[in-house]
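Let's take a walk through a protein together, starting with a single residue and moving on to the whole. Have a look at the sequence and the model before reading on.

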Amino acid sequence: MSSKDQKNGLYQTWKNIPLWKKIMTGMVLGLATGFAMGPDAVMFKPLGDLFLNAIKMLIVPLVFCSLVSGVTSMNDSSKMGRVALKSIALYLTTGAVAITVGLLIGNFFAPGEGLNLVAPAVGEVKESASMIDTLVATIPANPIMSMAKGEILQIIVFALFVGIAISTLGKKAEPMQKLIESGAEIMYQLTGIVMSFAPYGIFGLMAAVAGQNGIEVLLPLAKVIGSVYFGCAFLIYGLYSIFLKANGLSPRKFLKATMNVQTVAFSTSSSSGTLPVSLQTGEKKLGLSKSICSFVMPLGATVNMNGTALYQGVCALFIAQAYGIDLSMADYVTIIFTSTLAAVGTAGVPGAGLIMLSLVLSSVGLPIEGVALIAAIDRILDMARTWVNVQGDVMVSTVIAKTEGELDKTIFDDEKAGESLKPQVATA
């Protein structure tokens with residue numbers, strides 16, 4: 001066999017590997033390269049930056065086009081209101097449960113006890129806006145500027161208004177409706193092209209992260225990392241599975257179908273950046289209707305921060321324990337409410353959770369300087385919390401699609417049909 005034939009054979013083999021396996025390969029090779037090369041591995045960071053920039057390039061036009069398209073496809077205005085209420089209720093409920101789980105895990109594992117770390121001073125954190133200011137800010141004074149700044153919540157509100165206006169105008173707005181629907185399809189196609197480069201971009205990202213942090217930096221804070229990862233796994237395999245089971249859906253089938261979403265979310269640490277993959281997976285692999293995907297998932301990328309909420313609960317207790325500060329029951333309640341409400345409008349980009357944590361710490365009087373305790377490992381924690389955030393978006397979309405009768409049941413029924421042919425085996 002010639003060298004050319006061997007290369008063609010290797011290329012075909014690599015081409016036929018599922019995307020999520022390619023991404024996992026890129027992650028593992030990136031970590032190995034980073035640990036081996038140390039700080040010099042930062043030379044691969046431009047690969048990751050190029051991939052992230054390409055993903056960010058898609059976010060604003062994709063969110064706008066897909067959300068407008070989703071609203072206009074809901075001819076029934078009462079249905080749109082019903083879906084919106086269900087979405088927000090589920091996102092807030094799972095968020096409150098997640099922060100409570102984080103506090104319980106923080107108390108059980110006590111990650112901050114015995115570390116005896118001294119936090120360096122950190123920059124001053126801006127005071128959090130009031131609820132009224134937050135609500136007022138959701139209406140963009142200049143939607144074009146909001147798009148330029150990537151203010152997702154404002155873009156969502158503007159897109160909702162545009163979609164409602166198109167729906168009420170009927171035939172007069174059909175040309176614009178078709179234009180936006182075509183734009184959404186173009187963005188979906190572009191998403192597929194960008195994602196073909198994901199393994200290489202993620203290799204660069206992971207090599208840089210591993211090289212800059214190193215194993216020696218992770219070991220002293222291994223307990224807090226382990227606590228957050230344990231809690232995140234509990235939410236995905238426990239809480240989310242309960243919601244799916246309660247609605248007659250197979251958690252195993254769901255997890256298998258969302259492998260691409262999970263790996264991209266984990267490696268990029270960006271809920272907004274993973275949105276294109278989530279939308280594609282929801283429609284093509286989970287059988288959700290386009291209207292549900294286009295409406296619920298962009299909303300979730302902004303208001304659903306389950307993983308971040310859990311992370312805040314663990315890290316708030318970690319900081320309190322490191323400083324030897326005891327929290328009262330009122331403090332716990334304050335943390336739960338602050339974390340749940342602060343999730344609304346938080347950017348779904350890497351590092352946003354650190355800013356939210358600062359707000360939570362200030363709400364209960366914990367030293368803001370404590371943020372520096374976890375700053376070095378925030379990127380590692382960010383991967384886990386984004387994993388949970390994005391899976392929550394897809395899970396809620398799937399549950400709502402089921403309740404609205406807009407789910408392709410055969411995708412889940414096929415598994416049951418296949419299982420019925422197997423011999424019954426007792427399980428514990």
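In which helix is Pro46 found? Pro46 belongs to helix H3, which covers residues 45–73. Before going further, please note that this is a predicted model, in which local features need pLDDT of at least 70 and side-chain atom pairs count only at pLDDT 80 or more, while totals for chains, interfaces and linings use all residues. Residues are numbered from 1 along each chain as its sequence is written, and side-chain values use heavy atoms, with hydrogens and water left out.

Back to Pro46: this residue is partly exposed, with a relative accessible area of 45%. Here, buried means under 20% relative accessible area, exposed means over 50%, and partly exposed lies in between (1.4 Å probe, protein chains only). Along the chain, Pro46 and Gly204 are 158 residues apart, yet their C-alpha atoms are separated by 7.0 Å.

Now zoom out. The protein has 20 helices and zero strands; these are DSSP runs, numbered from the N terminus, with helices (H or I) of at least four residues and strands (E) of at least two. Of its 428 residues, 52% are buried. Contacts (heavy atoms within 4.5 Å) tell us about the fold too: among those between residues at least 6 apart in sequence, 85% join residues at least 24 apart.

What about the inside? A nonpolar core is a set of buried Ala, Val, Leu, Ile, Met, Phe, Trp, Tyr and Cys residues joined through side-chain atoms within 4.5 Å. The largest one has 107 residues, and those touching the most other members include Met195, Phe254 and Met395. Helix H19 (residues 378–403) gives the most to this core, with 13 residues.

Next, find helix H8 (residues 174–195) and helix H13 (residues 271–284), which pack at an angle of about 110° with their axes 10 Å apart. Axes are lines fitted to C-alpha atoms, for helices over the stretch in contact, and angles run from 0 to 180 degrees between N-to-C directions. That makes H8 roughly perpendicular to H13, a label for angles of 65 to 115 degrees. On the H8 side, the contact involves Tyr188, Thr191, Gly192 and Met195, and H13 brings Pro276, Val277, Leu279, Gln280 and Glu283.

One more residue of H13 deserves a stop: Ser278. Is Ser278 buried or exposed? Ser278 is buried, with a relative accessible area of 4%. Leaving aside residues up to four places away in sequence, Ser278 touches Val261, Met297, Val390 and Val394.

Definitions and conventions
Angles under 35 degrees count as roughly parallel, over 145 as roughly antiparallel, 65 to 115 as roughly perpendicular and the rest as oblique.
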